[in-house]
Amino acid sequence: GIDMLGIAATNIIFPIVTICTAVALLFGVGGASNFNIKMGEGDRQTAAFIAGNSITMLLIIGAMIGVVQLVFASPLLNLLGATPGVMNFAMPYTIITAFGVPFLVFSTGASHLIRADSSPRYAMFSILAGAIFNLVFDPIFLFVFKMGISGIALATTLGQMLSFCISGHYIWKKFCTVE
């Protein structure tokens with residue numbers, strides 16, 4: 001396994017996940033709420049504009065958080081309280097998961113817009129697919145492929161990418177309320 005230092009490493013970067021979730025909720029729930037208000041008023045053009053801006057902001061801010069996490073990994077981990085022992089596990093975990101941050105922010109926020117487009121099952125499926133992928137592949141990468149903390153980070157990132165692909169497919173191909 002990864003012992004207690006590996007578990008500590010995944011927890012030390014958790015405030016970044018909280019920030020990602022907050023940003024996703026800001027633009028996802030906020031965008032979906034305003035989208036629904038405009039649709040209720042019969043203003044499809046403004047509703048489409050709001051949905052487009054929400055998606056754009058999810059992509060931009062998600063990419064910015066990922067870049068900051070990648071570029072400032074060491075000072076960020078020090079700021080969050082990583083000890084030298086934890087740092088050996090936290091650094092690879094932080095670097096690998098930084099690539100998944102834009103996918104996490106987008107898929108979490110987009111699920112609210114998908115729900116607003118009258119597809120709550122698809123929204124749930126898009127998030128659950130990535131989470132289930134992560135649950136299945138964490139032990140495979142950790143124990144079968146002996147990848148350690150890097151395997152845990154890779155499973156997490158790939159799960160986020162899967163959710164991104166599923167929700168992105170809906171947003172760009174199936175979004176039916178507005179064109």
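Which residues does Phe175 touch, not counting residues up to four places away in sequence? In this predicted model, in which local features need pLDDT of at least 70, side-chain atom pairs count only at pLDDT 80 or more, and totals for chains, interfaces and linings use all residues, Phe175 touches Phe35, Ala51, Leu113, Asp117 and Tyr170, where contact means heavy atoms within 4.5 Å. Residues are numbered from 1 along each chain as its sequence is written, and side-chain values use heavy atoms, with hydrogens and water left out.

Phe175 also belongs to the largest nonpolar core, a set of 45 residues in which Phe35, Ile171 and Phe175 have the most contacts. A nonpolar core is here a set of buried Ala, Val, Leu, Ile, Met, Phe, Trp, Tyr and Cys residues joined through side-chain atoms within 4.5 Å, and a residue is called buried under 20% relative accessible area, exposed over 50% and partly exposed in between, with a 1.4 Å probe and protein chains only. Two or more residues of this core come from each of helix 1 (3–12), helix 2 (14–40), helix 3 (44–71), helix 4 (73–79), helix 5 (84–98), helix 6 (101–116), helix 7 (120–144) and helix 8 (148–174), and the largest share, eight residues, is that of helix 6. Helices (H or I, at least four residues) and strands (E, at least two) are DSSP runs numbered from the N terminus. In soluble globular proteins, nonpolar side chains tend to be buried together.

The largest pocket has a volume of about 460 Å³, and of its 24 lining residues the closest to its centre are Val17, Leu104, Asn134, Thr156 and Gln160. On a 1 Å grid over the protein atoms alone, a pocket is an open set of points where a 1.4 Å probe fits, with protein on both sides within 12 Å along at least five of seven lines, and lining residues have an atom within 4 Å of a point; grid points are joined across faces, edges and corners, and the volume is the space filled by probe spheres set on the points. Helix 1, helix 2, helix 5, helix 6, helix 7 and helix 8 each give two or more residues to this lining. By class, the lining has 11 nonpolar, 12 polar and one charged residues, with Ala, Val, Leu, Ile, Met, Phe, Trp, Tyr, Cys and Pro counted as nonpolar, Asp, Glu, Lys and Arg as charged, and the others, Gly among them, as polar.

Thr156, one of the residues closest to the pocket centre, is also in contact with Thr97, as are Gln69, Ala153 and Thr157 when the neighbours of Thr97 within four places in sequence are left aside. Thr97 lies in helix 5 and is buried, with a relative accessible area of 8%. Ala22, by contrast, lies in helix 2 and is partly exposed at 44%.

The structure holds one salt bridge, defined as a side-chain nitrogen of Lys or Arg within 4 Å of a carboxyl oxygen of Asp or Glu. It joins Lys38 to Glu41, with the closest N and O atoms 3.1 Å apart; Lys38 is partly exposed at 23% relative accessibility, whereas Glu41 is exposed at 54%.

Positive phi values occur in two loop residues that are not glycine: Ser118, with phi near 70°, is in the loop between helix 6 and helix 7, and Lys146, with phi of about 50°, is in the loop between helix 7 and helix 8. Ser118 is exposed at 65% relative accessibility, and Lys146 is exposed at 67%.
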